[in-house]
Amino acid sequence: MPALRAVLFDLDGVLTPTAEVHMRAWERLFAPLCAERGVAPYSAADYFAHIDGKPRFEGVASMLASRGIELPWGSIDDAPGEGTVSALGNKKNEIVNRMFVEEGIDPYPGSVAFLDAVTAAGALVAVVSSSRNAPSVLAAAGIADRFEVVVDGAVAAARGLAGKPSPATYEYAAQLLGVPTTAAIVVEDAISGVQAGAAGDFGLVVGVDRGVGAEALTAHGADLVVRDLGELDASVLDGAAREEAR
């Protein structure tokens with residue numbers, strides 16, 4: 001069995017704790033909106049059920065639908081506000097970017113250790129993120145130079161690629177690296193992300209449990225679940241390790 005030759009990393013919650021920042025930003029967006037409209041209060045469970053891992057505007061639409069709120073989609077260039085799905089999405093982006101500036105961001109030490117291990121073993125690496133802010137987050141975290149291939153929300157939109165849980169963005173990243181999907185590992189912390197990995201013909205799907213739960217990640221397609229990538233080393237690239245995980 002051929003060894004796995006590439007590792008495709010999600011960003012938020014996998015390489016950087018930006019998922020935590022995003023969670024707080026979504027709460028700042030939706031908690032007052034739900035209160036103003038007299039619907040069920042927003043909670044962390046809503047983030048995991050309706051938003052986590054999805055492109056920003058799709059996350060907004062899903063959350064609104066869960067409360068029976070209907071808004072026009074609007075234009076991607078809508079000013080931050082509450083009149084359209086796009087306006088709400090852009091308001092959330094404004095909130096989270098302000099938080100990045102005010103709070104800063106550091107990569108997970110265990111993720112950096114795993115990144116070091118697989119690249120030292122010769123694996124190619126890429127970032128695949130639904131966020132349009134991936135390049136700035138990677139730069140803020142000091143790891144932008146580690147990834148020549150970054151497929152983010154802006155790339156997906158420009159290429160007409162469906163977002164997660166479609167495998168399209170991961171497949172495109174593997175194509176850019178020049179490896180077949182069967183020789184690539186997908187590393188994800190979101191249900192929609194592991195679904196994307198499972199939907200494609202990838203060699204291994206690794207789930208990182210940052211709060212979704214190991215059972216949920218496994219149920220939706222993860223072959224292997226860890227609490228931190230520091231638990232893994234370059235042996236995960238071996239074909240034998242792939243079969244053991246499965």
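**View A. Arg210 and the ring of Tyr108.** In this predicted model, the charged end of Arg210 sits over the ring of Tyr108, at 3.6 Å from the ring centre. A second contact of this kind involves Arg56, whose charged end lies over the ring of Phe57, 5.1 Å from its centre.

**View B. The largest pocket and its lining.** The largest pocket holds about 540 Å³ of space, and its lining is made up of 34 residues, among which Lys54, Pro55, Arg56, Ser130 and Ser131 lie nearest the centre. At least two lining residues come from each of helix 1 (18-37), helix 2 (44-51), helix 3 (56-66), helix 4 (85-103) and helix 7 (153-159). Sorted by class, the lining comprises 13 nonpolar, 10 polar and 11 charged residues.

**View C. Phe9 and Phe114, an aromatic pair.** Six aromatic pairs are found when the whole structure is searched. One of them joins Phe9 and Phe114 in an edge-to-face arrangement, with 6.0 Å from centre to centre and 70° between the planes. Because Phe9 belongs to strand 1 (residues 6-9) and Phe114 to helix 5 (residues 109-120), the pair ties together parts that are 105 residues apart in sequence. Both Phe9 and Phe114 are buried, and together with Phe147 they form one aromatic cluster.

**View D. Tyr47 and Phe48, another aromatic pair.** The ring centres of Tyr47 and Phe48 are 5.4 Å apart and their planes stand at 75°, so this pair, too, is edge-to-face. Tyr47 is buried, with a relative accessible area of 6%, whereas Phe48, at 28% relative accessibility, counts as partly exposed.

Terms used. Residues numbered from 1 in each chain as written. Predicted model: local features only at pLDDT ≥ 70, side-chain atom pairs only at ≥ 80, totals over all residues. Heavy atoms only, no water. 1 Å grid on protein atoms, 1.4 Å probe; cavity = no way out; pocket = protein on both sides within 12 Å on 5 of 7 lines; lining within 4 Å. Points joined across faces, edges and corners; volume = space filled by probe spheres on them. Helix = DSSP H or I, 4+ residues; strand = E, 2+ residues; numbered from the N terminus. Nonpolar A, V, L, I, M, F, W, Y, C, P; charged D, E, K, R; others polar. Phe/Tyr/Trp six-rings, centres within 6.5 Å; stacked < 30°, edge-to-face > 60°. Buried < 20%, exposed > 50% of the residue type's maximum accessible area, 1.4 Å probe, protein only. Lys NZ or Arg CZ within 6 Å of the ring centre and 35° of its normal.
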